[in-house]
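This report describes how parts of the structure shown below touch one another.

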Amino acid sequence: MGFVALVGATKPGKKSRHMQQLPAIPDVLKLKRVSGAPRQLQDTLLIALFLLPALILFLLFVIYPIFRSIYFSMFDWNGLGPAVDFVGLQNFKDILTDKVFLKATSNVLLIIIFSVGAQLPLALALAVMVGRDLPGRGIFRTIFFMPYVLSEINVAIMWMLLYNPDPDRGLLNALVVSLGGETIGWLSSTNLVLFSIFIALTWKYFGFHMLLYLAGLQNIPQELEEAATIDGANSFQNFYYITLPLLGSTIRTSVYLSVLGSIQQFILVWIMTKGGPVNASETLATYMYRFGFVRFQLGYGSAVAIYMFLLCLIFSLIYQRLTRQPDYLTGL
Amino acid sequence: MSRKIYMILSILLIATVMLAACGAPATEAPPAATEEPAATEPTEAPAATEAPAATEAPAGEPVTITWWHITTKDPGLSDWQKMADDYMAEHPNVTIEITVLENEAFKTKLTTVMQSGDPPDIFQSWGGGGFNQQVEAGLLRDITADLEADSAWRDSFAPGALGVYSYQGKNYGVPWDMGMVGFWYNKALFEQAGIDSPPATWTEFLEDVQKLKDAGITPIAIGEGDKWPGMHFWNYLATRLCGQEKFEAAMARTGSFTDPCFVEAGVKLQELVALEPFQEGFLGAVHDDMQAAFGNGKAAMELSGQWAPSTSKANSADQQGLGENLGLFGFPAVEGGAGAGTDVVGGGNGFAIGKNAEPEAIDFVKYLTSVENQTIIAANGSGIPVVKGAETGLTDPNMLTVQETFAAADYFQLYYDQFLPPATGSVLNDSVQGLFAGTLTPEEVAQAVEDSVAQETQ
């Protein structure tokens, strides 16, 4: 409430002139620009009221748990009964010296690099293709978007079945064997497992990014491309000098979502490999889960969660700062 | 003026929405309220008939018992449901709410309710370190007095099995199944490889593995992606090599898991891994894959518990499993080990009693573990009965072998990953996977377990 009073009190005066100008039917756009203490107070009050339900939920289910996590991260606690064994920052120190945590971090970085370097360009290429006058593009759009609609658990189990090492049960190995190859341990080889998981991740998420790009493409006026074509630009130049720069804000959003999603990736990895074999596909989230809910070292698990939170936060701040460029289309 | 009315209306609208939002818990109450009449309804029904209510114990207050179990497949699933239905029919004031969960989902969900201090009245337990921690946190109900009060019930259990669900001399649960881990083998494949009788020693075992390999047969199926199937190998080798004394000393901190015998267990396991006896992709395979490979006759053996016949059957392509070709032999004796060849590693299932359980819940558990119901469990192959007299239900010769071997053992060891505190159990499982993958040495495995035990018991 302090917030409301403070904002409401900042700009006094000027009310009478504007009040008299108000139309009988309130025009929402016009109302916004009107200033004056009672009006502004009312507006702020209104906004605060509208925000309140969401704010309460946000505070209760997001902000409060974060502080609880910070609190628990300083205890050696198995989750049963109250946390009493205070260890200070020991958990944080132990995490940084754990080889498995470093492995998980490097795996996450690899997934980010793969996602931004391969998954997003693929999504962009497909978006450009199905965004144009391709015959049957509606069907393609639907097909490409379908994996995203499936639940992650279904996708994980489906890919596990495909990757099954027994050629009688796993489709991919059946293909490899029928072509005269040796069965491949998609999920059992420590070298291959992360790649196999990345394939499943790409299959699941490229449709979502494609949809983002499609929406972005719709906002680009066709006149620009037409003008460029008249000036003699070929389709590559058209894409590189016009489409790509104009898609800038969409690409920035897409990269942002992709990086955050990679840092937090859990369900697919946990179901398919549990982070194994021997931590070869460990991600930060599976590492956190292992300590929190398999070993029941909830203090240590909370500390891992804090690291993940900081990682996401720092990335977000730096990324926002770095990518604060004007949008060519809206000027924002 | 109209603006003011507009404004007031808006605020009213928001207020209503918010009140509705705040009222959400209140609107949730009606379903609970409708449940209660549902619970009382049966009590009224007998009142109408009168006669049964008079012969039964007087119908008390309506009671709801929550029961979580992990038997997701038939016949066990239907058996539990039927027992609950029968009990509810006999005790109209009791409502039993069964929640069936898959193993891993159960563990996760249980953790959540444990943190809020609200465990189910009756739930699946395996005893051991996790069970002990639940007791220490005051989440389980002490049923020692209930067992004392009905000594016929208490004495019906095999003492070793009942002991798994006790902590510091007090009981907090009862077993309903107890078995052992052993080598299940495919008799036809053994014959095909020219092996006449199952191996009795580790050396013979390794020779037989080689014979199977030479005959082009995958010797062993394992689901090492789940980790615990491989842990059983290390567990048994350590039990054979170190015996009861050294393990208990290591647990009591008068000894150590870095004792040479625990390192030797890893070395012996490496000998086996070096022969490459496992099916393709075993490091990524899960327990179901292992049972499928064995049940489909694609591997000659698996080291598994008493659930192997039913799960290998359920996971086989034709749902028939190995049938007559299924055999069982105990883990071979290890030359020079301190433990006897008859020592058994195993475990089973039990019912833990939550701290909020009503007396009716204990009475229901008593019903579940009656000789009749234990016989049904035995007859349907859902478990090895722990109550005397129920073994008559065992028709499967393999199950009888399990029951006899278990009964003959002087030293029964609950699976290490279950017996140790949960954190150490997980460290052991993770480390042994490293032995299978060749990324860890036997010394490192022993050291990892030692470090974790030292930390957990400090």
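## Contacts between chains and domains

The contact between the chains takes 31 residues from chain A and 33 residues from chain B. The model is a predicted one. On the side of chain A that touches chain B, the elements giving two or more residues are α4 (37-72) and α15 (284-294) of chain A. Of the elements there, α4(A) gives the most, with 6 residues. By residue type, this side of chain A divides into 17 nonpolar, 11 polar and 3 charged residues.

A second contact lies within chain B. The domain assignment of chain B gives domain 1, made of 56-180 + 348-398, and domain 2, made of 183-345 + 417-456. The C-alpha centres of these two domains of chain B lie 29 Å apart. Where the domains meet, 13 residues of domain 1 of chain B are in contact with 15 residues of domain 2 of chain B.

Which elements of chain B each supply at least two residues of the side of domain 1 that touches domain 2? They are α6 (128-136) and β6 (173-180) of chain B. The largest share of that side of domain 1, 4 residues, comes from α6(B).

The table sets out the residue types on the two sides described.

Technical notes: Residues are numbered from 1 along each chain as its sequence is written. Chains are lettered from A and ligands numbered from 1 in the order in which they are written. This is a predicted model: local features need pLDDT of at least 70, side-chain atom pairs count only at pLDDT 80 or more; totals for chains, interfaces and linings use all residues. Two residues are in contact if their C-beta atoms, placed from the backbone, lie within 7 Å. Ala, Val, Leu, Ile, Met, Phe, Trp, Tyr, Cys and Pro count as nonpolar, Asp, Glu, Lys and Arg as charged, and the others, Gly among them, as polar. Domain bounds come from an automatic or database domain assignment.
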